[in-house]
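The sequence and the model come first.

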Amino acid sequence: MDIDILIDEVIAREGGYSNHPTDRGGPTRWGITQAVARAHGFAGSMCDFPRADAVAIYRARYWDGPKFAFVAELAPRIAAELFDTGVNMGPAVATGFLQRALNALNRNGRDFADLAVDRRIGPRTLATLGEFIESRGRNGETVLLKAMEALQGARYIDLAESRPANEAFLYGWLANRIG
């Protein structure tokens, strides 16, 4: 799993500067919102936000911080999905999707006990993921990925239904973030 490639893909998908009137994130560049850039010490105009700063934020906030690299050792495609979903919805939401999907796929606890959906990657989540992959094989990673994407898609629809302005983004979310 090469995080540099994942970051390049996200930046390519997110594009350069944007300030869509209905986007609550406000001004963004390279997919990094002004609030996140400010939290990481950038004080200038978002039009001038350096790509290198975006790369550093993606690595720290959306890969290293939530411990997705540990997931990559067990299930690289799941880690890539966690990263991408984490960028768009937050790492805690992405991790919650993983934990919920594992719980739903444990055959009523016969394969492994339910996880607490604490939305953090820790030793128990990693051990459970390892048990799931061991019991279901590599095809299990594909099924788990589908379950996580189903949860993500449902959340996008909920967001559009609860705030009509989000309908402006729904098509792109589904086209670029699911499957």
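## Second largest pocket

The second largest pocket has a volume of about 210 Å³. Its lining is made up of 13 residues, and Arg13, Ala80, Glu81, Asp84 and Asn176 are the closest to its centre. The model is a predicted one.

Three helices, α1, α5 and α8, each give at least two residues to the lining of this second pocket. By type, the lining residues of the second largest pocket are five nonpolar, two polar and six charged.

## Largest pocket

The largest pocket holds about 1,000 Å³ of space. It is lined by 34 residues; Glu14, Asp23, Val87, Asn88 and Trp173 are those nearest its centre. The elements that supply two or more residues to this lining are α1 (3-14), β3, α3 (51-64), α5 (76-89), α7 (123-162) and α8 (167-177).

Which element gives the largest share of the lining of the largest pocket? That element is α8, with six residues. Sorted by type, the lining of the largest pocket has eleven nonpolar, 15 polar and eight charged residues.

## Asn88 at the largest pocket

Asn88 is among the residues nearest the centre of the largest pocket, and its place is in helix α5. Is Asn88 buried or exposed, or partly exposed? Its relative accessible area is 27%, so Asn88 is partly exposed: the value falls between the 20% limit for buried and the 50% limit for exposed.

Leaving out residues up to four places away in sequence, Asn88 touches Tyr156, Trp173 and Arg177. Trp173 is itself one of the residues nearest the centre of the largest pocket. The C-alpha atoms of Asn88 and Ala60 are separated by 15 Å, and the two residues are 28 residues apart along the chain.

In soluble globular proteins, nonpolar side chains tend to be buried together. The largest nonpolar core here has 49 residues, and those with the most contacts inside it are Phe49, Tyr58, Ile78, Phe83, Leu98 and Leu144. Helices that give two or more residues to this core are α1, α2 (34-39), α3, α4 (68-74), α5, α6 (91-104), α7 and α8. The largest share, nine residues, comes from α7.

Which residues does Leu144 touch, not counting those up to four places away in sequence? They are Ile78, Leu98, Ala101, Leu102, Leu105, Leu129 and Phe132. Of these contacts of Leu144, Ile78 and Leu98 are also listed among the core residues with the most contacts.

Thr95 lies in helix α6. Its relative accessible area is 2%, under the 20% limit, so Thr95 counts as buried. Apart from neighbours within four places in sequence, Thr95 is in contact with Phe68, Leu82, Arg119, Arg120 and Ile121.

Glu141 is found in helix α7. Glu141 has 3% relative accessibility and therefore counts as buried. Residues up to four places away in sequence aside, Glu141 touches Ala75, Pro76, Arg77, Ile78, Phe132 and Ile133.

## Sheet

Three strands form an open antiparallel sheet, in the order β1-β2-β3.

Strand β2 (residues 28-29) pairs with β3 in the antiparallel sense over two bridges. Arg29 has Ile32, in β3, as its bridge partner.

## Positive phi in two loops

Most residues other than glycine have a negative phi. Trp30 has a positive phi, near 60°, and sits in the loop between β2 and β3. Is Trp30 buried or exposed? With a relative accessible area of 17%, under the 20% limit, Trp30 is buried.

Lys67 is not a glycine either, and has a positive phi of about 70°. The place of Lys67 is in the loop between α3 and α4. Lys67 has 39% relative accessibility and so counts as partly exposed.

Methods: Residues numbered from 1 in each chain as written. Predicted model: local features only at pLDDT ≥ 70, side-chain atom pairs only at ≥ 80, totals over all residues. Heavy atoms only, no water. Pairing = 2+ DSSP bridges. Helix = DSSP H or I, 4+ residues; strand = E, 2+ residues; numbered from the N terminus. 1 Å grid on protein atoms, 1.4 Å probe; cavity = no way out; pocket = protein on both sides within 12 Å on 5 of 7 lines; lining within 4 Å. Points joined across faces, edges and corners; volume = space filled by probe spheres on them. Nonpolar A, V, L, I, M, F, W, Y, C, P; charged D, E, K, R; others polar. Core = buried A, V, L, I, M, F, W, Y, C linked by side-chain atoms within 4.5 Å. Buried < 20%, exposed > 50% of the residue type's maximum accessible area, 1.4 Å probe, protein only. Contact = heavy atoms within 4.5 Å.
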